[in-house]
Amino acid sequence: MDDLVWVVQDAYGISIEIFDVDFEATHLRGYLERGEKAASIYIREDQSDFYKRLTITKELVHIVMDEKEDWSVDALTTLDGLIISHVLGEEDDNTDEPDGVIVSERLAVVGAAEILFPREIRAASKKEVDEGKTIKAIASELEIPDAAASWILTERYTELVDTVLASMSD
Amino acid sequence: MATTPSEELTKRIAERVEEHELVDVKFYLGNPGEASFDVVCEEVGRLYDALGRNEFRKVDTFKDSYKTD
């Protein structure tokens, strides 16, 4: 995982720089700017290292997975989509087909989750939880936030993965 | 008339897109379901303020900065 940045750079021919930024926010964890041949990932400085790993990985997945038709500099529409459209499908009673912003975001979130907490180890982790191991211990071993580990082990996450895979096969 | 956070952000995004020849911008929001649009616009504004003041530090390698052991 530590080599992910270099792999993405080499495979996609794009130069990637990552920056810690000192600014105050409750919600904004990270920001990706992309040009034709270079990308910058900006991470809010006052987060745990585990959240920084998650944020960077999610933005790297955007670089890997997004096609040109997914690119957008219409930041307001992107933010609106993130806030209003229940990206993670937690309360998704909207039966309309999600637009490209939402599909891109769901793919990035799932991609990051699968890199950091792969499917092939989750069954064993669930068993460990059933046997008394704490989510905190599992998250610590994986170097991801507790909340992320907890969410990835839920049925809700599995349903989101199914949704994402279905959208990719359309 | 005072500009709204979103109006201000629209202007700043456009400036940044032009200056850096951007083709794509993406955001990672924590707890987006609890966020208000104006608050998030203000947060992005604060990020841009920090970038404008050069209050950011390059992370040389992913491994060196975020390895925890």
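Contact here means heavy atoms within 4.5 Å.

## Basis of the model

This is a predicted model, in which local features need pLDDT of at least 70, side-chain atom pairs count only at pLDDT 80 or more, and totals for chains, interfaces and linings use all residues. Residues are numbered from 1 along each chain as its sequence is written, chains are lettered from A and ligands numbered from 1 in the order in which they are written, and side-chain values use heavy atoms, with hydrogens and water left out.

## Lys58(A)

Lys58(A) sits in helix α2 of chain A, residues 49–65. Helices (H or I, at least four residues) and strands (E, at least two) are DSSP runs, numbered from the N terminus. Lys58(A) is buried, at a relative accessible area of 1%. Buried means under 20% relative accessible area, exposed over 50%, and partly exposed in between (1.4 Å probe, protein chains only).

What does Lys58(A) contact, leaving aside its neighbours within four places in sequence? In chain A, the partners are Glu105(A), Ala108(A), Val109(A) and Ala112(A). In chain B, they are Phe27(B) and Tyr28(B). The side chain of Lys58(A) reaches the backbone oxygen of Phe27(B) at 2.8 Å.

## A sheet from two chains

An open sheet of 5 strands runs in the order β1(B)-β2(A)-β3(A)-β1(A)-β2(B), with mixed pairing. β1 (24–29) and β2 (56–59) of chain B each have a single partner strand, so they stand at the edges with one side lacking a neighbour in the sheet. On average, neighbouring strands are turned by 20 degrees against each other, direction ignored. Axes are lines fitted to C-alpha atoms, for helices over the stretch in contact, and angles run from 0 to 180 degrees between N-to-C directions.

Strands pair if DSSP finds at least two bridges between them. In chain A, β2 (residues 28–34) and β3 (residues 38–44) pair in the antiparallel sense over 5 bridges. Arg34(A) has Ala39(A) in β3(A) as its bridge partner.

## The interface

Between the chains, 45 residues of chain B contact 52 residues of chain A. The buried area is about 4600 Å², with 65% from carbon and sulfur atoms. This is the accessible area (1.4 Å probe) that two parts lose on being put together, summed over both.

Chains B and A share 4 salt bridges. Each is a side-chain nitrogen of Lys or Arg within 4 Å of a carboxyl oxygen of Asp or Glu. Arg57(B) and Asp20(A) form a salt bridge through their side chains (2.5 Å, N to O). α2(B) gives the most to the side of chain B that touches chain A, with 11 residues.

Technical notes: A polar contact is a pair of N or O atoms within 3.5 Å; within protein, one must be able to donate a hydrogen and the other to accept it, and residues adjacent in sequence count only if both atoms are side-chain atoms.
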